[in-house]
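Me: I am new to this structure and would like to learn how to read a few of its features, one at a time. Could you give me the general idea first and then the case at hand?

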Amino acid sequence: MSNPNTPEQSQLGRASAYVDQYDPSQLFPIARATQREAMGIREGALPFFGADLWTAFELSWLNARGKPQLAIAHFTIPCESPNIIESKSFKLYLNSFNSSVFADAAAVRDRLADDLSEAVWRGSERSGRVGVKLLLPELFDREPVHELDGVDLDRLDLECTHYQPAPELLGANFGEQPVTETLTSRLLKSNCLVTGQPDWGSVQIRYSGPQIDQAGLLGYIVSFRQHNEFHEPCAERIFTDIWQRCRPTKLAVYCRYTRRGGLDINPFRTSWPQALPPNVRMARQ
């Protein structure tokens with residue numbers, strides 16, 4: 001697969017002209033393969049299923065009479081797509097709808113799905129479809145606000161000394177009976193790979209297998225605090241490290257990041273096929 005785009009070529013950290021007429025060329029795909037290869041993940045042999053769940057809270061266009069229309073958009077980008085979309089380019093692309101006329105919300109939804117599907121599969125012989133769901137204003141109050149369910153790791157009082165990913169902190173009780181449990185933390189923080197700006201998030205880990213050492217897991221989550229990486233590979237790194245170090249029989253990792261610029265990115269990775277988690281808004285947003 002050929003994809004010339006690198007993070008350094010994106011609009012991140014640069015002054016940008018905000019166009020308000022429909023312009024799909026604003027989308028900037030970045031190959032997933034580079035960061036996956038650094039983690040030992042081979043394309044075509046992914047150790048997980050899942051998707052990146054995006055929410056756009058700032059989407060608007062004009063109807064045929066020039067009246068502004070609003071919607072919240074949910075996007076489901078399959079993790080097997082070869083590219084991610086750089087978030088600032090996604091925002092610039094959505095801004096380009098602001099003064100563009102569309103017949104109705106269905107036309108906007110279809111245009112979004114077509115453009116995003118082309119971008120995330122660009123340069124690949126394979127193809128797929130990005131899921132797009134629009135919620136119109138009369139449905140805004142149905143948007144759930146909910147913290148992640150599970151045992152709260154943040155209750156633990158521990159000394160934290162690692163601020164770059166430290167998988168050696170992970171461990172499990174291999175000599176005891178396996179368990180099934182869900183663990184959560186609000187202390188996930190990483191930094192944008194290009195700008196160094198902080199990305200704040202929560203993480204939910206569901207697994208079956210040897211019981212994971214909770215203190216070690218929390219220290220590992222905190223160790224991302226000064227790590228520079230995009231949201232999607234952060235989630236995949238967490239999944240891969242737990243899978244290799246703790247050897248669960250089942251594992252699902254769901255990272256929910258606080259939105260920036262009207263967009264949030266929420267990667268979900270799982271070792272077994274299952275329904276995607278609900279795309280809820282976190283109470284901290």
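Reply: Gladly; please keep in mind that this is a predicted model.

Me: How many disulfides does the structure hold?

Reply: A disulfide calls for two cysteine sulfur atoms within 2.5 Å, and the structure holds zero of them. The sulfur of cysteine 234 has its closest cysteine sulfur in cysteine 255, at 7.5 Å, so the two are too far apart for a bond. Cysteine 255 is likewise buried, with a relative accessible area of 0%.

Me: Which residues touch the most other members of the largest nonpolar core?

Reply: In soluble globular proteins, nonpolar side chains tend to be buried together. Here the largest nonpolar core has 29 residues, and those touching the most other members include Cys255, Leu188 and Ile242. Elements giving two or more residues to this core are β8 (179-191), β9 (198-209), α4 (214-222), α5 (231-246) and β11 (250-257), with α5 providing the largest share, six residues. Apart from this core lies another, of 27 residues, among them Leu59, Leu116, Ala119 and Leu263.

Me: Is asparagine 63 buried or exposed?

Reply: Buried means under 20% relative accessible area, so asparagine 63, at 19%, counts as buried. Asparagine 63 sits in the loop between β2 (49-62) and β3 (68-78), where a polar atom of its side chain lies 2.9 Å from the backbone nitrogen of lysine 67. Leaving aside residues up to four places away in sequence, asparagine 63 touches Gln69, Val101 and Phe102.

How values were computed
Residues are numbered from 1 along each chain as its sequence is written. This is a predicted model: local features need pLDDT of at least 70, side-chain atom pairs count only at pLDDT 80 or more; totals for chains, interfaces and linings use all residues. Side-chain values use heavy atoms; hydrogens and water are left out. Buried means under 20% relative accessible area, exposed over 50%, partly exposed in between (1.4 Å probe, protein chains only). Helices (H or I, at least four residues) and strands (E, at least two) are DSSP runs, numbered from the N terminus. A polar contact is a pair of N or O atoms within 3.5 Å; within protein, one must be able to donate a hydrogen and the other to accept it, and residues adjacent in sequence count only if both atoms are side-chain atoms. Contact means heavy atoms within 4.5 Å. A nonpolar core is a set of buried Ala, Val, Leu, Ile, Met, Phe, Trp, Tyr and Cys residues joined through side-chain atoms within 4.5 Å.
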